[in-house]
Amino acid sequence: ITRLYAFQDSIVVGKENGLYLYIDKYEDGTAFTVFTNVTEEFNTLIDAENFSRGAVYKGNLYLTTARQGLYIFDGSTLVDATQLLFAPLAGHTGRVRALTADPSNLWMLVDVNTADATATKEGWLYSLRERRGQFYIHTMEKIDIGDINALAVNGGYLYAIGRLQHTDLA
């Protein structure tokens, strides 16, 4: 299991080989539960990063996958939205390291697509906004991402959670 999500009064389980939805079934007066894999295509793209990061924004669950993927799950259908990260206005492409949402924005911390693994690797803060079915991505700020693995919004502030290592401290 890469991550558990509470979504639409159910449990969504991210695993290396897919996204599983917890379903209560009632047939002939008997009840049973089942976890159904809604993403058969990930059986051949098994990776520990699949569905390991996600956030609910405007009623949908936004999820990351390996190889710079971004998907939108509405409770029954999984849609590949990776092209949003490669939009001309995004300006920089890479892996989504963290994401969170507020009522107006889906905030994403995206690293630059390079082999750099240092603590000061360049990254970008994106704001993704959805309005009337159209998506708008905005590059907000360049930052040194360090080892940031979570974002949170509280009281109008956006917080980055993780480690930032400084090698120049005396």
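The side chains of R95 and D111 meet in a salt bridge, with 3.9 Å from N to O, where a salt bridge is a side-chain nitrogen of Lys or Arg within 4 Å of a carboxyl oxygen of Asp or Glu. R95 lies in the loop between β8 and β9, whereas D111 belongs to strand β10 (residues 106-111), so the pair ties together parts that are 16 residues apart in sequence. D111 is buried, its relative accessible area being 5%; buried means under 20% relative accessible area, exposed means over 50%, and partly exposed is what falls in between, with a 1.4 Å probe and protein chains only. R95 also meets E49 in a salt bridge of 2.8 Å, N to O. This second pair links distant parts of the chain, since R95 is in the loop between β8 (78-80) and β9 (96-101) and E49 in the loop between β4 (30-37) and β5 (54-57), 46 residues apart. E49 counts as partly exposed, at 26% relative accessibility. Through shared partners, the salt bridges join E49, R95 and D111 into one network.

The model is a predicted one, in which local features need pLDDT of at least 70 and side-chain atom pairs count only at pLDDT 80 or more, while totals for chains, interfaces and linings use all residues. Residues are numbered from 1 along each chain as its sequence is written, and side-chain values use heavy atoms, with hydrogens and water left out.

The count of salt bridges comes to three, and one of them joins K58 to E130, whose closest N and O atoms are 4.0 Å apart. K58 sits in the loop between β5 and β6 (60-65) and E130 in strand β11 (residues 122-131), so that distant parts of the chain, 72 residues apart, are linked. At 46% relative accessibility, K58 counts as partly exposed.

The elements named so far belong to a chain with zero helices and 14 strands, where helices (H or I, at least four residues) and strands (E, at least two) are DSSP runs numbered from the N terminus. Two strands are said to pair if DSSP finds at least two bridges between them.

β5 and β6 pair in the antiparallel sense over four bridges, and the bridge partner of A55 in β6 is Y62. T65 has its place in strand β6 and counts as buried, at 4% relative accessibility. Leaving aside residues up to four places away in sequence, T65 touches F42, E49, N50, F51, L70 and Y71, a contact being heavy atoms within 4.5 Å.

In soluble globular proteins, nonpolar side chains tend to be buried together. A nonpolar core is a set of buried Ala, Val, Leu, Ile, Met, Phe, Trp, Tyr and Cys residues joined through side-chain atoms within 4.5 Å. The largest such core has 18 residues, of which Y62, L85, L99, L106, M108, Y126 and L128 touch the most other members. At least two residues of this core come from each of β5, β7 (69-73), β9, β10 and β11. Apart from it lies another core, of 12 residues, among them V12, L21, Y71 and F73.
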